Amino acid sequence: MTKQRLPFLDRLTVPVIAAPMLRVSGIELVSAACRAGVVGAFPTANCASLEEFDAWLRRLNAEAEAAGGNHAPYCPNLIMRRDPAKVRAEVDIIVRNSAEVVITSVGSPASVIPALHDGGCLVLADVASLHHAERALEAGVDGLVLLTAGAGGHTGWANPFAFVCAVRALFDGPIVLAGGLSDGVAVKAATVLGCDLGSMGTRFIATRESLGSMPYKQMLARSSLDDVMTTRAFTGLPANFLRPSIVQAGLDPAALDEAVSVQEARSRFGGGSEGATIQRWADLWSAGHSVSGVSTVPSVAELVAALGAEFAGAG
């Protein structure tokens, strides 16, 4: 198998994706990331409408054209377990705007791959197990985003060293490592391990351009690895949240319902649910193990410059 090289790697300041984050990755964060030289990813669900989604892509395309090629690509994140008609409409917008790359998550990408490939778009699939990696490859994806232990929000369970090694034994294409990357040295280690890119979320929440509230960003700067806890209570799936935000919301981290189903969790903590006074992601804040690397709230440009210097200095 011939290894496929991501065509935009040479345009990056440092091989990093600013990870797609619900309620955090807004247009200003994505735009700043692309201008600074890292891939700016965002969930399409962060757009209030299809019209807004199209407007975001048109703006990002215009900025890339104005930059004359010195611009990293943007990367929409398609959440597959949503209204299929809306997902199809989002795919049409992605193709119409000639997006270079997308990430699919929470469900099989099989239904969208043909249209995206016909439009010249690379498809990376978010996977948290070897089984899901194999299924994604069977569906025809171009690359894999390996969600490992320590990722913020919905998290993986696998050790990154073991996971990359296992995937590399069956796939010679693009791999993105997600989970626990806090600086440029960690990104360099990911490339030595055999990954093409590192995906960083927590560090980008604590930037001036993110949609995270200032109290959220300040809590990240005060927190350490020990302040991150994995729980099923808020989504029905293993997810990493900041323990101080759980306490702040009036809940006892030691008395959470870990047997809750996805549907029950949505009714208790989901956005817009009747009677849900505490909202996941809005009142309950997520973070990954890399939170120990957050001490300030820089601009995206300042963060990327620091990551680039650390990456270069790692040899």
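Strand 5 (residues 122–127) and strand 6 (residues 143–147) run parallel and pair over 4 bridges; pairing here takes at least two DSSP bridges between two strands. Within this pair, aspartate 126 has valine 145 of strand 6 as its bridge partner. Contact is counted for heavy atoms within 4.5 Å, and angles, from 0 to 180 degrees, are taken between N-to-C directions of lines fitted to C-alpha atoms, for helices over the stretch in contact.

The model is predicted, with pLDDT of at least 70 required for local features and 80 or more for side-chain atom pairs, while totals for chains, interfaces and linings use all residues. Residues are numbered from 1 along each chain as its sequence is written, and side-chain values use heavy atoms, leaving out hydrogens and water. Helices (H or I, at least four residues) and strands (E, at least two) are DSSP runs numbered from the N terminus.

Strand 7 joins strand 11 (residues 239–242) in the antiparallel sense over 2 bridges, and histidine 154 sits opposite alanine 239 of strand 11.

Turning to helix 12 (residues 300–313), its 14 residues reach 20 Å from first to last C-alpha, close to the 20 Å expected at 1.5 Å a residue; the expected span is 1.5 Å times one less than the number of residues. Val300, Leu303, Val304, Leu307, Gly308 and Phe311 are its buried residues, buried being under 20% relative accessible area, exposed over 50% and partly exposed in between (1.4 Å probe, protein chains only). Seen down the axis, these buried residues fall within an arc of 135 degrees, so they line one face of helix 12; the arc is that of the directions from the helix axis to the C-beta atoms. They pack against helix 1 (27–36), helix 7 (184–193), strand 9 (197–200) and helix 8 (202–205). On the other side of helix 12, Ala309, Ala312 and Gly313 are exposed.
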